[in-house]
Amino acid sequence: MMRHNRETLTEDFMKKIMKTMAAVIALTLLVGSVGCTSTAKTVFQKETTAAAATTTAATTAAATTAAPADATTAPADTGTGTKDPTKLVMGTNAAFPPFEYLEGSAVVGVDADLMAAIAKELGLTLEISDMEFDSLPTALSNGQIDVIAAGFTVKPDREETMDFSAPYYTAAQTIIVLKDSKIATVDDLKDKIIGVQSGTTGQFSAEELTSTDNIKGFASGMLAVEALKNKQVDAVIIDNNPAKAYGDQNLDTITMIEGQFADEEYALAVAKGNTVLLTKINDALAKLKADGSFDAIISKYVK
Ligand code: ARG
């Protein structure tokens, strides 16, 4: 009897456990599927807002496969790490002398020459896509360009969405003011109107000094300098080399305040996870640095 009872008890107990387990599994599945749906939705929204040009097919695929939120549209595996196996498409904003600027309709400067030399090493044809500076990260993540070469500073938050090559140039933010200005250090900028190129480290530096209401974003550093000359802004914060280039063009009106910000490193950026292209670029860059070609490009443009 005792034995039988015990068996029944055990059986009951087992049944209970099974039921509880089934309930737990069902709950897990439910939570899991809810989680999945919301991930897919996030990706869908991200894709559609990030890239206006994203096709319906692409967004549908992203929504159904529930790719990780930071997924980028990696180039098809062409072996070269580039979207087109014969081309290297460089994205830049050619309003940043001496790194990139227009000579007629041609983009010239340090980055243009550097990327031409890298493309040659890789056996690819260089194509340059000139666009707004703050469109570059999206163009890279949606595969419109293979690499950003734009006097582009390595920053931890940028490293979350793209991968950087070895650095190739050290720069620092410079303050440009009118010659008769009383501004002498960053402390004098607190309640001043600061002009910057939108999306640049100049803008982020300004944000550390004053409220965003006091910061005016322009499509190029040149336009910010024009606004300074027209007294629409009190100062411009921009990288030292373009600052010098603008200064040289406006010798009697503007002046530079240097040594107020930490150094920054310029590097080339590829889409997050594109190690094939990144490795090739780093190898080519190392070779150009070692054989003197890189220094020759710098001394051609940086005086
Ligand atoms: N170094 C700064 C940054 O990465 C400014 C770069 C601007 N480049 C350009 N081509 N307009 O934010």
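At what angle do helix α3 and helix α9 pack, and how far apart are their axes?

## Basis of the model

This is a predicted model, in which local features need pLDDT of at least 70 and side-chain atom pairs count only at pLDDT 80 or more, while totals for chains, interfaces and linings use all residues. Residues are numbered from 1 along each chain as its sequence is written.

## Helix α3 against helix α9

Helix α3 (residues 110–122) packs against helix α9 (residues 275–290) at an angle of about 110°, and their axes are 9 Å apart. That angle makes α3 roughly perpendicular to α9, a term that covers 65 to 115 degrees. Helices here are DSSP runs of H or I with at least four residues, and strands are runs of E with at least two, numbered from the N terminus; axes are lines fitted to C-alpha atoms, for helices over the stretch in contact, and angles run from 0 to 180 degrees between N-to-C directions.

The crossing of α3 and α9 is right-handed (the near helix is turned clockwise from the far one by less than a right angle). On the α3 side the contact is made by Ala117, Ile118, Glu121 and Leu122, and α9 contributes Lys280, Ile281, Ala284, Leu285, Lys287 and Leu288, where contact requires C-beta atoms, placed from the backbone, within 7 Å. By class, this contact has seven nonpolar, no polar and three charged residues (Ala, Val, Leu, Ile, Met, Phe, Trp, Tyr, Cys and Pro count as nonpolar, Asp, Glu, Lys and Arg as charged, and the others, Gly among them, as polar).

## Helix α3 against helix α10

With helix α10 (residues 293–301), α3 packs at an angle of about 160°, the axes lying 9 Å apart, which makes α3 roughly antiparallel to α10 (over 145 degrees). Val110, Asp113, Leu114 and Ala117 of α3 meet Ser293, Ile297, Ile298 and Tyr301 of α10, and the residues of this contact divide into six nonpolar, one polar and one charged.

## The ligand shell

Of the 14 residues around the ligand, Asn93, Phe96, Ala150, Thr153 and Thr200 come nearest, a residue being near if its C-beta atom, placed from the backbone, lies within 6 Å. The shell comprises five nonpolar, seven polar and two charged residues. Because domain 2 (87–168 + 267–301) and domain 3 (170–264) both give residues to the shell, the ligand lies between them; the domain bounds come from an automatic or database domain assignment.

## Backbone details

The peptide bond from Pro97 to Pro98 is cis, with omega near 0°, and Pro98 lies in the loop between β2 (95–96) and β3 (100–103).

Notes. Parallel < 35°, antiparallel > 145°, perpendicular 65-115°, else oblique. Contact = placed C-beta atoms within 7 Å.
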